[in-house]
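Have a look at the picture first, then read on.

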Amino acid sequence: MRRILSRLIVRFYQRWRIFVMSSLSDKKVVTEGKPKLYQPVVLKGHGKIIFKGEVVLGYPISWDVFSGTGYMEARNEDAIIEVGDNTYINNSFNIVADHGRITIGKKNRIGVNVTILNSDFHNLDPKKRDEGSQSYADIIIKDNVFIGNNVIITKGVTIGENSVVGAGAVVVADVPPNTICAGNPAKIIRKL
Ligand SMILES: CC(C)(COP(=O)(O)OP(=O)(O)OC[C@H]1O[C@@H](n2cnc3c(N)ncnc32)[C@H](O)[C@@H]1OP(=O)(O)O)[C@@H](O)C(=O)NCCC(=O)NCCS
């Protein structure tokens with residue numbers, strides 16, 4: 001009885017958190033699809049966020065599920081984030097496109113606390129630091145890619161089909177298909 005009650009409380013608590021965070025999202029930013037949510041997620045911006053087929057955001061049996069929040073933003077009008085069918089993104093992700101695209105393909109498995117940013121967001125010139133960045137470039141994550149926990153992917157990177165990115169990697173250059181990479185900056189460990 002006690003176990004059933006505690007499960008009900010947990011489920012209610014999580015639904016309430018998801019509801020509250022969803023109310024902070026921009027209603028018009030999602031132009032296609034509806035992801036399944038296991039964690040609170042905030043979707044923001046003046047651009048477009050597209051979910052193709054079945055996309056799952058958050059994971060119920062993983063850390064941060066009851067404390068973290070996923071955040072996805074297509075910041076400016078020309079920004080597009082697309083997530084492909086059968087892709088799972090684990091808890092507490094941070095995915096922001098300033099301008100241009102972030103394309104995440106099909107059947108991808110993305111770990112906890114992964115950050116994907118297609119811009120530097122701050123100007124590298126010290127005198128213009130808060131004037132925004134001129135420096136942005138599309139990110140493409142092809143199909144069936146496995147990205148470990150706490151990975152950061154920076155502007156302009158393409159990750160090839162079937163590749164694996166090791167936990168904690170900072171990916172600043174393209175990763176060929178069928179390759180394992182890891183480290184900061186990420187280097188190829190071996191071919192699959
Ligand atoms: C990248 C990974 C898949 C490699 O696994 P593997 O093929 O068994 O690799 P090994 O353990 O044999 O390591 C091979 C080499 O890569 C290095 N390496 C492995 N993982 C690394 C990582 N995350 N960062 C830096 N170096 C790493 C090892 O130190 C080793 O180096 P060496 O040859 O100089 O000794 C694994 O280490 C990893 O990071 N898994 C992701 C786990 C995760 O976050 N899961 C998400 C759950 S939702």
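What follows goes from the sheets to a few side chains and then to the ligand.

A word on ground rules: this is a predicted model, where local features need pLDDT of at least 70, side-chain atom pairs count only at pLDDT 80 or more, and totals for chains, interfaces and linings use all residues. Residues are numbered from 1 along each chain as its sequence is written, and side-chain values use heavy atoms, with hydrogens and water left out.

**The sheets**

Let's start with an open sheet of six strands, in the order 3-6-9-12-15-18, where the pairing is parallel. Strands here are DSSP runs of E with at least two residues, numbered from the N terminus, and two of them pair if DSSP finds at least two bridges between them. At the edges stand strand 3 (41–45) and strand 18 (170–171); each has a single partner strand, so one side of each is left without a neighbour in the sheet.

Strand 3 runs parallel to strand 6, with five bridges between the two. Along that pairing, valine 41 has glycine 70 of strand 6 as its bridge partner, while glycine 45 has alanine 74. Strand 6 is also joined to strand 9 (residues 94–97) by four bridges, again in parallel, and here glutamate 73 is partnered by valine 96. Strand 6 is mostly covered, with four of its five residues buried (buried means under 20% relative accessible area, exposed over 50%, partly exposed in between, with a 1.4 Å probe and protein chains only).

There is also an open sheet of eight strands, ordered 2-5-8-11-14-17-19-20, and its pairing is mixed. Its edge strands, strand 2 (36–37) and strand 20, each pair on one side only. Inside that order, strand 11 (residues 109–110) and strand 14 (residues 146–147) are parallel and share two bridges; arginine 109 has phenylalanine 146 of strand 14 as its bridge partner.

**A few side chains**

How many aromatic pairs are there? The count comes to one, going by ring centres within 6.5 Å, with planes under 30 degrees apart called stacked, over 60 edge-to-face and the rest tilted. The rings of tyrosine 59 and tyrosine 88 have centres 6.5 Å apart and planes at 65°, so this pair is edge-to-face. Tyrosine 59 sits in the loop between strand 5 (55–57) and strand 6 (70–74) and tyrosine 88 in strand 8 (residues 87–89), so the pair ties together parts 29 residues apart in sequence. Tyrosine 59, at 34% relative accessibility, is partly exposed, and tyrosine 88, at 33%, is partly exposed too.

Over in strand 7 (residues 79–83) you'll find glutamate 82. Its relative accessibility is 19%, so glutamate 82 counts as buried. The side chain of glutamate 82 makes a polar contact of 2.8 Å with that of arginine 101 (a pair of N or O atoms within 3.5 Å; within protein, one must be able to donate a hydrogen and the other to accept it, and residues adjacent in sequence count only if both atoms are side-chain atoms).

**Around the ligand**

Now for the ligand. Among the residues around it are Asn90, Phe146, Val164 and Ile180, where being near means having a heavy atom within 4 Å.

| Residue | Atom on the protein side | Distance |
|---|---|---|
| Asparagine 149 | polar backbone atom | 2.8 Å |
| Alanine 167 | polar backbone atom | 2.9 Å |
| Arginine 190 | N or O atom in the side chain | 2.7 Å |

Strand 19 (179–182) and strand 20 (187–191) are the elements that give two or more residues to this shell.

Terms used:
Rings of Phe, Tyr and Trp (its six-membered ring) pair if their centres lie within 6.5 Å; planes under 30 degrees apart count as stacked, over 60 as edge-to-face and the rest as tilted.
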